[in-house]
Each structure stands twice: as C-alpha cells, then as structure tokens.
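Morning, everyone. Please have the sequence and the structure open while I talk.

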Amino acid sequence: MSGQCATITVTRTSTVAEGVYAPGHLGELTQIVDFELADAVLEETGRTQQRLRDLPSRVGVYYLLALALFPDHGYQGVWRQLTAALGGLPLPQVSTTALRHLRRRLTPAPLKLLFETLAVPLAPPTTPGVSYRCWRTVAFDGCSSIKTPDSDRARGWLGKIRYRLAWAGYPTVMLMTLVETGTRGLLGACFGPTSTGETAYAGRLLPLLDERHLVLIGRGFDSNAFLADVAETGAQFLARLKSTRRPKLLRILEDGSYLALLGDLTVRIIEADLTLHLADGTHVSGRYRLATTLLDPLLDPAERLIRLYAERWEIESAYFALRYTLMNGRVLRSRDRFGIEQELWATLTVYQLLRMAMTDAAHTAGADPDRACFTHALQAARTQVTLAEGLTTATPGAIDAAVRTNLLPVRRPRISARKVKSPISRYHSFRGQARPTSATAVDRIDITTHERTTNCGESTSPPATEPTCDNAPHDAPATGAANDDTTDPSGRYQPALAIMNSRPGTPWHARDVARLLGITNMNSFCVQMSQWSHRGLIKKVGRAAYAPTG
C-alpha cells in the first residue's frame, strides 16, 4: 500500500495591543483584567512609566500575573509563554535581569490594588449554596503552608517555625482570607509572619463584613472579644465553641437550645449528637456545640444550622486549589519581603480571576459553583495565554467551555480520620480513632438535638463537649467524642469509677482503664479522664495516673 501526505495550513488570528504592549495580556482572563483596568491601577499607585520602554509597566502587570499562572517556569520561560503566538511581531529581546528590574520597578502596590478591586462577591444571591436566607455565608481561616526561600531577608521578616525536634526548613507565610463559601471566591486577604496569631489577622478583615453576611467561624476564633467584634460589624455568625467554654445560661428555648452570655454578648447555643452511618456498615457518632446570633428557633431550626455549618469547610477546598493546584505546592520565587508580597498578591489575583470565570460558567450552565472544576479552568487559562487568544471577545470562550463540559458530580458526603500523610513529619499520627482511615461515603446523618432541662435560675453551666477533630470533611459536619461527667449520656464515668474502686489506693493509668472498658479511641479517653480530675470527680496522682476521690 502507498500512502499520501496532506499538508494542512491552520491560520489563527489574535488581537493584541500594539507595539511593545503586545506581550501584555493574560489570554482569556484579559477580558476581566482589561487594558483599561491595568492602566488604572498603575496610575492610581503611581507606577506608570515616565518614558516608553521596551517593557512598559502594563506589560509588567500581566507578566507578574503570568508568573503566578505558570509557577513551574522561570522568568524567561514565562516570557516565552506570553510571546509564543506573537512570532510575527517585532518584539524586544529581554533578559532575565531586565524582567527582574521590571518587577522591582512595579512594587507590590499595583497588584494589591488589583486584587482588592476584584475581591467582590462572585454570584447572585439566588445561586445555589451562596446564601442562607438573606445572608451570604462567608468564613475566615488561615493557611500556614506557603513557604519562601531560606534567605536572610525572608527569615528577617518571617522568622522560622520551631517544631518539636528542629527548626522548619523554610520560612513560612501566614495567609488569612475571608472566603465566600458558595463560590470559594475571596472577599479579602492579608498575610505576614506566622508569629502573629490567626485571630489578629482575621481582625484586619472584619471591616469587610456588614449586615449582608453570615460568618461561619471555627473553634480557633471563638474568643469572646473576637465574636463581639464580628457582631459589632452587623454580621450574623455561627461559631463552633471549644469544649472548655462555660457560658452563663440565661434561658432555655422551646427547641432545647438555650440563650447564654459570651462576655456581654447574648448568643443561642445548640448542642446535638451526630451519628454518621457509613457505606461500609459502620457508624461514627459524637457531639456538636454551636453558638449563633440567630436567636429565634422558629426561623432558624437547630438541625438546619448544624447542617449549614458544614459549609465552613469550603474554605479548605479553596486553599487546596490555591496552594496545591495553582501553586503546585512549590516554594515562592521571591527571597525578600518586597518580592514575597508582590508574588502573593499576584497569586491571589490569578486565583480570584479563575474563580470569577468558573462562577460565570457555572451560572450560565445553571449549576452549583461547587461543580466547577478548578483544574480544568486552570489548564484552559494557561492554554489561552500561550495561544494569545480570547483577549477581547465578549462571547464565552475556552474556560467557559472547559468548565461546562467537565462539571463535577454532585457532592457526596464522606468522612475520614485525621492523619499526617508525610512520611517524615514530626507530628504524631492519630491512632485508634473511630473514623475510617480512608475517605468513606456517608449514607445518612442523624442529628439529635439535646434539650436542656436545667431550671432557668440554675447557675450551673451546660455540659461541655470534646470533639475528636476539627478537620472534618467538606460535606459532612465534623464529629467529636462526647465529654463525660456524671450525667453524660456516653456513660463512661460510672464504669470507669467502678474499675478504679475495685483496687482502692492503686493508681490507674488512663490506658489501662480504657482497655478494660473496651475503648479504642485512647486519645479521647485520656482527655476525658484529665477533665474529670479538673472537675474534682477523680484525683490525679501522677502522670496520666488517677485514683477515686474517696
């Protein structure tokens, strides 16, 4: 057989800026960050060039965004991506030094202003998952896994984290964001050394809140002062409380929840037992304890709020997309504070641009933004930069098509144990948890709200709860082991006391009592015995050793 070869000529037309401005684009994302917006942030921050150069400031803005879009490429590699489809144009030959000087000339200010301009709600309130009643659901959380090169200037600003056995290998940035949980878009961000606490960073973002927001707050932010500051913004909140909190009981409500005081703030506290029935036939149970400024149980039933709180974990999905999909888990390029700030603002801007494009595509398809795939959107955006396509057209392009044709399936509830996956980690893994070691589908979630029966005049605080883990899956509410006292429904205290009374005067170790009781969650039971001793129910006679009080 003989074959014939055919020659096919493919002609593409790209519309770019004229002259030395031609490399200044970001593919299809240029439709959001258009030339006018780029010029406006440069003029506002005083970074417009004084004379026309081979590398104008506008090109520098897009180049910095492209650096964030291609974290695996060097300076020259990113420049080649921007100019790959511009071979017929008389472009200047630039060196790595020239690109470095371009970064230095721009400063972080234009990128910071550009991010703040784009950090807005991304979807209408009617979009599925965006709102609860009349409020948009938002959440705070910190990310401390972004690393910088181990340079003197980076260490001078960020310091280093001291672990149990040694110092960390790289200086680490603490990133705090306010996220719209329905779209995972950013409403604000700040960052700095990890030595500053998460609550302090979150306090900087409080001015972004108002009466339109319902804030879902984790246990790390449950201080009286912080919750009061959130309430003062006009926003409502739904917060998880630590087991050690002892709020003053005010009044029991008809659904069994109760009003209490956190400092001077009146909140409604909901306590409930959760039982998750898993696909493998097992089940996991524990207790939840939430505090909210939504005080009316008729308008906001307890079970509905408990299920709503699971939306807080959308911020973890946002950080996974930012840190490990967009940034590919890599260490930042920059070696000083100036460059680190500039690089982070550019990365946050690119992340927000992708979320904007994904939300628009999901809204057009009539789908929940949860179903938009960040990986497909990122790949399409990178391809459009290399091809220099979609810069000015207003019709849906490659990113829209990539999202709409690769919608993820409807989210399924799942749960797994909290564990450290790094083989060289210095942290202990948690053994003996009731949770499965791998992600397991949840068939059903049963929620049993505790009804308070204490007399309203009684000053005794409600029983505390002791959750096993604050790293719950994104789709199912986190569960925890109940904290026992003489009236706790778990019923561990009386059997444990009977075991210790069987040998009066003999110290009992928590692990021995747990073994006789058949308890597998050793860590949780040790915490329980420690709390019993703090309450005077038993006495501590040594390290992890206890005896009856009598």
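First, a term. A cavity here is a set of grid points where a 1.4 Å probe fits but cannot get out. Keep in mind that this is a predicted model.

So, how many cavities of 30 Å³ or more does the structure hold? Two.

Take the largest cavity. Its space is about 50 Å³. The lining is made up of Leu 64, Leu 67, Ala 68, Arg 103, Arg 333, Glu 343, Ala 346 and Thr 347. Which elements give two or more residues to that lining? They are α2, residues 57-69, and α11, residues 337-365. By class, the lining of the largest cavity has four nonpolar residues, one polar and three charged.

Now the second largest cavity. About 30 Å³ of space lies there. Lining this one are Thr 183, Arg 355, Met 358, Thr 359, Ala 362, Pro 369 and Ala 372. The classes here: four nonpolar, two polar, one charged.

Next, the single residue. Ala 139 sits in strand β2, which covers residues 135-147. Is Ala 139 buried or exposed? Its relative accessibility is 0%, so Ala 139 counts as buried. The cut-off for buried is under 20%.

One distance to finish. Ala 139 and Leu 187 are 48 residues apart along the chain. Their C-alpha atoms are separated by 9.8 Å.

Definitions and conventions
Residues numbered from 1 in each chain as written. Predicted model: local features only at pLDDT ≥ 70, side-chain atom pairs only at ≥ 80, totals over all residues. Heavy atoms only, no water. 1 Å grid on protein atoms, 1.4 Å probe; cavity = no way out; pocket = protein on both sides within 12 Å on 5 of 7 lines; lining within 4 Å. Points joined across faces, edges and corners; volume = space filled by probe spheres on them. Helix = DSSP H or I, 4+ residues; strand = E, 2+ residues; numbered from the N terminus. Nonpolar A, V, L, I, M, F, W, Y, C, P; charged D, E, K, R; others polar. Buried < 20%, exposed > 50% of the residue type's maximum accessible area, 1.4 Å probe, protein only.
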